[in-house]
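Visitor: Hi, could you walk me through this one? I'd like to talk about charged pairs and pockets.

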Amino acid sequence: MRTLLLLFLTLVLLVACGPTPPQNSLDLKPNAVVLPDDEVDSATATDMNVQTDKDLTAGQIVISDEGEGLVRRITEVTQTGAGMVGGQAVRKFYLKTEDAALEDAIASGEVSLETDLTIGEANMVQALDGVSVQDFTGKINLTNVKFDIPGVPGASITLNGFIEQTLKPSFNLKFSSGSIEVFKAGMSGALKAQVTATIQANASYNPFSLNKELASWNIKRTFLVGSVPVVVVLQPKLIAGVSSKASGKVTVTVGIAPTFNTNVQLDYNRSRTTNGGWNNTFTASFALNPTFNYSVPVQGAGSAFAGLAMDIKFYGLAGPSLEAKPFINLTLSGNNGSATLKSGINGSSKVEAGFKVLGKGLETSYNGPSIEQARTFSCQAPSTCTAN
């Protein structure tokens, strides 16, 4: 009884920690075959070596969760051997293949997927100096992340603070009449940040703008929809950028400690006649809590952002990108010590041309406009800000 209870609790924990089980189902076309990753010995862009008990013929569409996932059309089959695996007779095949789309294998059906965006050290690909992440919480810390101002010795903008997120990527696929009808990719939830930007310069300087990718992660998710593995690779990135100009010596620190509830979404609908069927939406609600410290009167302007961008791959091929970026824009009005602070969050989305692994209707590129939710504040040196 104790063993059964432990097994039950283990299953509950696995379900709770993993992706939300997909809803609905997908119906395969007769020429589609699923080869799980344990039946695929190797795969390149043009061929596969497999061992399976299934019959394989040229013209079939292969779906597999091997690696980052793949959808291929078999162009040539060669049997290379036979044997037993786990007491079951299998045949070994060498397959020549070419790219195919999921709609070549799916007749109809709809599926909705949702998962957590679990950022940690284990799935981190790279991080610049000054960027660290706490496991379990996913809190990303920024410690003296510096952007040098070009052409001005000793001048810099320095970012400090942290970003925390409980965002949930979600997806919806709908196939009808043998092709894709609807595709949606979204990122919604809470985004908490505390970011300060310090501008220091001993002389005037011309406008400049710099963006950096501070850290990136790689997270594979496989959803088994009936017998069909839907493979998504999430590639979140911490991105930051600054721009500034000043008419003389300047020392200013400005910051926000916002909490955002946000939803950025990119969707395709076969019946939509504009933008190749693509559209993007963005909503956000927030509290900003700005801070301001200004010691040297000057005319100038500066802006900074630090946020998350997420690239999404389906079956190993690049797909949509989504961004949610808290930002600070500061305009210094001169000798009277007044300033205007604008702060909020930007959301944007895009998809590159050739995203056809789900269906041929998705070949058109779409760069959605950056959509902004923001508020403005009137500030006065040395440290007072009032909401407008």
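Guide: Happy to; we'll take salt bridges, then one aspartate, then pockets.

Visitor: Anything to know before we start?

Guide: This is a predicted model, where local features need pLDDT of at least 70, side-chain atom pairs count only at pLDDT 80 or more, and totals for chains, interfaces and linings use all residues. Residues are numbered from 1 along each chain as its sequence is written, and side-chain values use heavy atoms, with hydrogens and water left out.

Visitor: Which residue meets Lys-54 in a salt bridge?

Guide: That is Glu-39, with 3.3 Å from N to O. The pair links distant parts of the chain, 15 residues apart: Lys-54 sits in the loop between strand 4 (47-52) and strand 5 (61-64), and Glu-39 in the loop between strand 2 (32-34) and strand 3 (40-43). Strands here are DSSP runs (E, at least two residues), numbered from the N terminus.

Visitor: And is Glu-39 buried or exposed?

Guide: Glu-39 counts as buried, at 14% relative accessibility, while Lys-54 is partly exposed at 26%. The cut-offs are under 20% relative accessible area for buried, over 50% for exposed and partly exposed in between, using a 1.4 Å probe and protein chains only.

Visitor: What about Asp-104, which residue does it form a salt bridge with?

Guide: Asp-104 pairs with Lys-360, and their closest N and O atoms are 3.2 Å apart. Asp-104 is buried, with a relative accessible area of 14%, and Lys-360 is partly exposed, with 46%.

Visitor: Switching topic: where does Asp-65 lie?

Guide: Asp-65 lies in the loop between strand 5 and strand 6 (70-85), and Asp-65 is buried, with a relative accessible area of 15%. Its side chain reaches the backbone nitrogen of Asp-37 at 2.8 Å.

Visitor: What else is Asp-65 in contact with?

Guide: Leaving aside neighbours within four places in sequence, the contacts of Asp-65 include Leu-35, Pro-36, Lys-220, Thr-222, Pro-229 and Val-231, where contact means heavy atoms within 4.5 Å. The C-alpha atoms of Asp-65 and Leu-224 are separated by 9.5 Å, although these residues are 159 apart along the chain.

Visitor: Now pockets. What volume does the largest pocket have?

Guide: About 240 Å³, counted as the space filled by probe spheres set on grid points joined across faces, edges and corners. A pocket is an open set of points on a 1 Å grid over the protein atoms alone, where a 1.4 Å probe fits, with protein on both sides within 12 Å along at least five of seven lines; lining residues have an atom within 4 Å of a point. Of the 14 lining residues, Leu-117, Thr-118, Ile-119, Phe-136 and Gln-165 are the closest to its centre.

Visitor: And the second largest pocket?

Guide: The second largest pocket has a volume of about 180 Å³. It is lined by 13 residues, with Asp-99, Ala-100, Ala-101, Lys-356 and Val-357 nearest its centre.

How values were computed
A salt bridge is a side-chain nitrogen of Lys or Arg within 4 Å of a carboxyl oxygen of Asp or Glu. Helices (H or I, at least four residues) and strands (E, at least two) are DSSP runs, numbered from the N terminus. A polar contact is a pair of N or O atoms within 3.5 Å; within protein, one must be able to donate a hydrogen and the other to accept it, and residues adjacent in sequence count only if both atoms are side-chain atoms.
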